[in-house]
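Please look at the chain on the screen while I describe how its parts are arranged.

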Amino acid sequence: MSADFEAVYGELRDIMLGVVDDGLVVTDDEAGSLTVRSQRRDKKGQLGWFGAVTIKRSYVAYHLMTLYEHPALADDLSAELGKRRQGKTCFNFKRQDSALFSELAQLTAAARRVEARE
């Protein structure tokens, strides 16, 4: 795990933890891995996914699962953040970028507001 990835992970972890409140539960918080679940239950009775931050081999992944059910939240992504998007819910980073992290924090807060209404 590179020092750059640890720094990126730290900032992204802080963004994700910044929206945790009574409606969200941290179910995994170990070195290089954070998982946040919602209080809503899925069809199997398990807590729903809200998001995750994980250090991978070649990047740090930031998953925002609310984008599956509410893809319109990402309609106004900047081109730069859009380039970091992989699939519907994942954003990959190799280095710190304060502008992109700020935009991602706003997107995460918007996702939390939507999640809180459901």
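Before we begin, one term is needed: helices and strands here are DSSP runs, a strand having at least two residues, and they are numbered from the N terminus. Two strands are said to pair if DSSP finds at least two bridges between them. Please also keep in mind that this is a predicted model.

Strand 5 and strand 6 form a hairpin, with three residues between them. In the turn, Gly-87 has a positive phi of about 75°. The two strands run antiparallel and are joined by two bridges. The bridge partner of Gln-86 is Cys-90 in strand 6.

Let us now step back to the whole chain. The protein chain contains four helices and six strands. Read from the N terminus on, its elements follow the order α-β-β-β-β-α-α-β-β-α. The radius of gyration is 14 Å, close to the 13 Å that the globule rule gives for 118 residues, so the chain is as compact as a globular protein of that length. Along the principal axes, the C-alpha atoms fill a box of roughly 40 × 30 × 20 Å. Of the 118 residues, 42% are buried. The chain exposes about 6,700 Å², and carbon and sulfur atoms supply 46% of that area. Among contacts with a separation of 6 or more, 49% are between residues 24 or more positions apart.

In what order do the six strands lie in the open sheet? The order is 1-2-3-4-6-5, and the pairing is antiparallel. Strand 1, residues 24-30, and strand 5, residues 85-86, are the edge strands, each pairing on one side only. Helix 1, residues 3-17, packs on this sheet and touches strand 1, strand 2, strand 3, strand 4 and strand 6. The direction of helix 1 makes about 155° with that of strand 3.

In our sheet, strand 1 and strand 2, which covers residues 33-41, pair in the antiparallel sense over six bridges. There, Val-25 stands opposite Arg-37 in strand 2. Strand 4 and strand 6 also run antiparallel, joined by four bridges. Tyr-62 stands opposite Phe-91 in strand 6.

For contrast, consider Ala-3, which is found in helix 1. Its relative accessibility is 59%, and because the cut-off for exposed is over 50%, Ala-3 counts as exposed. Ala-3 and Arg-95 are 92 residues apart in sequence, and their C-alpha atoms are 9.9 Å apart in space.

Conventions. Residues are numbered from 1 along each chain as its sequence is written. This is a predicted model: local features need pLDDT of at least 70, side-chain atom pairs count only at pLDDT 80 or more; totals for chains, interfaces and linings use all residues. Side-chain values use heavy atoms; hydrogens and water are left out. Contact means heavy atoms within 4.5 Å. Axes are lines fitted to C-alpha atoms, for helices over the stretch in contact, and angles run from 0 to 180 degrees between N-to-C directions. The radius of gyration is taken over C-alpha atoms; the globule rule is 2.2 Å times the number of residues to the power 0.38. Buried means under 20% relative accessible area, exposed over 50%, partly exposed in between (1.4 Å probe, protein chains only). Accessible areas come from the Shrake-Rupley method with a 1.4 Å probe; for residues, only the protein chains shown count as cover.
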